[in-house]
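Thanks for coming. I have one structure to go through today, and I will take it piece by piece. Here it is on the screen.

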Amino acid sequence: MSIPALQTEKLTKRFDTEDVLRGIDLTIEPGQVVGLIGTNAAGKTTLIKCLLGLLRATTGSCSLLGEDSWNLSGATKARIGYVSQDFELLPWMTVQGMCDYTGAFYQMWHPQHVERLLGEWQLPRDKRVGALSVGQRQKLAVILAMGHQPELLMLDEPVASLDPFARRQFLQSLVQFTEAEQNTVLFSTHITSDLERIASHVAILRDGQLAWYGPLDTLKEGCKRLRIYRDKPLPPNFLVPGAIRYEMNGQRALVSVAHMNDDLRETIAQQWQADVQVEDLNLEEIFLEWTGSMDSPADEVLS
Ligand SMILES: Nc1ncnc2c1ncn2[C@@H]1O[C@H](COP(=O)(O)OP(=O)(O)OP(=O)(O)O)[C@@H](O)[C@H]1O
């Protein structure tokens, strides 16, 4: 079996009195492109930083490319590319100067690769970094993280400031990056359409726990919303196996489930003598169901 690109076991992280990560078990195999999603303050950045050894786990363990995250060797660090949410660049340098400066820290730097990305992303080589727009700076930070052709890319909301065209180019670069079979990407995002375009796997953080992890296709195929109706009120002990969210109102219920199949539909129909309709969900709706952040449905949704 190959060494996981990233792994956590019972990982917890506490800040003062706040338990941000509460027992995360996650294994990301080489070659996976993982979209990390969760509401604001769900702990995405904290998880990424623990995996990179920038924050120390409170309890449990995390490893990166087979090494304990808190004690990464120089050789392993050289195999990682990372763009943080609050990356810092040197404003007095030119774009080209910033690339050369960063490249000097790496034994394996690929100036032609950087050249190509600068051209594709239309970054002006001679402009001072301090004079770049926010989106241009974000592009530069991503290019700097890819210049040594790492095999593991960790990106914390890498496209937040990019325009739709630049986002598409960025995603294209990621696709190229992952053409090498063992290259792995973990990126946090709130843009589910981007995730849908390139992710092979999805990790959903909720209440400091890993609510779901697995292939994107499995998530999309399994997660459904059930519209349940029966001619007398649903009892207080009404329960659906594997439900992730309930909305009940008298004789009607909206229930979201993670793993839908025909047996489940039949079981619910028979057990509660109810009519069960199954509705597909798009990825954004799935995210809202999982994170419980969907607006409380108005009565008309249930009617
Ligand atoms: N250094 C720190 N000290 C104290 N609390 C922290 C620290 N870093 C993060 N937190 C807290 O941990 C929680 C999770 O923060 P984190 O940045 O990991 O969330 P996130 O999922 O990345 O959020 P967002 O989507 O808004 O970027 C927040 O409540 C935050 O205030």
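**Overview of the chain**

The chain has eleven helices and 14 strands. Helices (H or I, at least four residues) and strands (E, at least two) are DSSP runs, numbered from the N terminus. Please keep in mind that this is a predicted model: local features need pLDDT of at least 70, side-chain atom pairs count only at pLDDT 80 or more, and totals for chains, interfaces and linings use all residues. Residues are numbered from 1 along each chain as its sequence is written.

Along its principal axes, the C-alpha trace spans about 70 × 40 × 40 Å. Of the 303 residues of the chain, 33% count as buried. A residue is buried if 20 or more other C-beta atoms lie within 10 Å of its own, exposed if 12 or fewer, and partly exposed in between, with C-beta atoms placed from the backbone.

Now contacts: two residues are in contact if their C-beta atoms, placed from the backbone, lie within 7 Å. Among contacts between residues at least 6 apart in sequence, 68% join residues at least 24 apart.

UniProt, in an unreviewed entry, lists residues 6-232 as "domain: ABC transporter". UniProt positions are given in the numbering used here, feature names are shortened, and annotations may be inferred rather than shown by experiment. Over residues 6-232 the chain is 32% helix and 30% strand, and the end C-alpha atoms of that stretch are 50 Å apart.

Next, the sheets. Strands of a sheet pair through backbone hydrogen bonds, either parallel or antiparallel. Here, two strands pair if DSSP finds at least two bridges between them.

Strand 6 pairs with strand 7 (residues 152-156) in the parallel sense, over four bridges. Which residue of strand 7 is the bridge partner of Y82? The partner is M154.

Helix 1 covers residues 44-52, and seven of its nine residues are buried. They are K44, T46, L47, I48, C50, L51 and L52. Just after the helix, G53 takes a positive phi of about 80°.

Which residues surround the ligand? They are F15, E18, V20, G38, N40, A41, A42, G43, K44, T45 and T46; for this list, a residue counts if its C-beta atom, placed from the backbone, lies within 6 Å of the molecule. Strand 2 (18-28) and helix 1 are the elements that give two or more residues to this shell. The largest share, three residues, comes from helix 1.

By class, the shell has four nonpolar, five polar and two charged residues. Ala, Val, Leu, Ile, Met, Phe, Trp, Tyr, Cys and Pro count as nonpolar, Asp, Glu, Lys and Arg as charged, and the others, Gly among them, as polar.

Six bridges join strand 12 to strand 13 (residues 252-257), and N249 stands opposite R252 in strand 13.

**Two single residues**

T267 is in helix 9 (residues 262-272). Why does T267 count as partly exposed? Because T267 has 14 C-beta neighbours inside 10 Å.

Q96 is in helix 3 (residues 95-103), and is partly exposed because 16 other C-beta atoms lie within 10 Å. Not counting residues up to four places away in sequence, Q96 touches R125 and D126.
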